[in-house]
Amino acid sequence: MVYKRPLKCLKIVMANLVTVFVVMGIIVSGFRIGADGLNMNYYLFSCPFVESVVKDIVNRALEDDPSLAAPLLRMHFHDCFIQGCDGSILIDSTKGNKAEKDSPANLSLRGYEIIDDIKEELERQCPGVVSCADILALAARDAVFFARGPVYDIPKGRKDGTRSKIEDTINLPSPNFNASDLIKMFGQHGFSAQEMVALSGAHTIGVARCSSFKNRLTKVDPNLNSEFAKTLSRTCSDGDNAEQPFDETRNDFDNLYFDALVSSNGVLTSDQTLFTSPKTRNFVNSYAQNQALFFLDFQQAMIKMTLLDIKEGSKGQVRDNCRRIN
């Protein structure tokens, strides 16, 4: 008990150092982070308690339902891969527009009410200041830490986008992708194959629905462990919406997802291909053997992802309500 507090402090210090090094690298690579753009202390004077508000509300929600950590993280990922990290995933459909969240790829996402609660509290404390895009990025980060994953800091100051179209979700990775498909799609966003594998490790928490992997069972996938195939078949006997955890610890952020891939127990085609393909197998083996390495690479890749195609200044807005454009 005596050593818990120093260990926690050390973990946070190391996370801050990782963030500094990653952000410095991103600046060198051409991203602009400064006084007129993203900044670690963006809300220091305009809304100083933003991070504590986000963390408190996320923690309360996850204490009631730990399974919400995964959809919050996935929501952030699905937001960033479509038009950048601009909160477009949060917008509701209207009569004249079907939004991203109603795409089949996003129907399993949950936790929108958590973002609503955070926004409501921040609007009470500092109206018109904190963007929904920043709220989602911070909530995803805090969900990872709640699930016993790595802690990391991110620059703030994203603005909210003004577009959310269901047709744009075609740019999300498919559960049927092979390693080459994944490398190509992630590469279009500036990620290396190793960063793609690290980000795929987000599947260490959460579940997949039968509809996303049942195709592997009709003609048995040769890369699927035969006993695990029986497990997936039993899951699917309850219908397309039946849920299968990605690994044995669905609510714990660890490296067991990679252990599952090494054992040919990957749930999705896009999971197992990471081990099957010689292009990515070594990364899977490394993360399966070394959780600390996975955590470090995941931190770095996540910080990079939070900077995808961000809106700054007049290119975006701060929504009054995360579910609709001002």
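## Annotated site: D79

D79 sits in helix α3, which covers residues 69–80. The model is predicted. D79 is buried, since its relative accessible area is 1%. Leaving aside residues up to four places away in sequence, D79 touches G84, C85, D86, G87, S88, I89 and L136.

UniProt, in an unreviewed entry, places the feature "binding site" at D79, G84, D86, S88 and E100. These positions span 22 residues in sequence, yet no two of their C-alpha atoms are more than 12.8 Å apart, so they gather at one spot.

## Annotated site: E100

E100 lies in the loop between α3 and α4, the latter being residues 112–125. E100 is buried as well, with a relative accessible area of 0%. Its contacts, not counting residues up to four places away in sequence, are H78, I82, S88, I89, N106, R163, S164, K165, I166 and T169. S88 is on the contact list of D79 and on that of E100.

## Packing of α2 and α5

Two packed helices are described by the angle between their axes and the distance between the axes. Here the pair is α2 (residues 50–64) and α5 (residues 132–146). Their axes come within 9 Å and cross at roughly 50°. α2 and α5 are therefore oblique to each other. The crossing of α2 past α5 is right-handed.

On the α2 side, the contact is made by V50, E51, V54, K55, V58, N59, L62 and E63. α5 contributes I135, L138, A139, R141, D142, A143, F145 and F146. By class, the residues of this contact are 10 nonpolar, 1 polar and 5 charged.

How values were computed:
Residues numbered from 1 in each chain as written. Predicted model: local features only at pLDDT ≥ 70, side-chain atom pairs only at ≥ 80, totals over all residues. Heavy atoms only, no water. Axes fitted to C-alpha atoms, helices over the stretch in contact; angles between N-to-C directions. Helix = DSSP H or I, 4+ residues; strand = E, 2+ residues; numbered from the N terminus. Parallel < 35°, antiparallel > 145°, perpendicular 65-115°, else oblique. Left-handed = near helix turned anticlockwise from the far one by under 90°. Contact = heavy atoms within 4.5 Å. Nonpolar A, V, L, I, M, F, W, Y, C, P; charged D, E, K, R; others polar. UniProt positions renumbered as here; feature names shortened; annotations may be inferred. Buried < 20%, exposed > 50% of the residue type's maximum accessible area, 1.4 Å probe, protein only.
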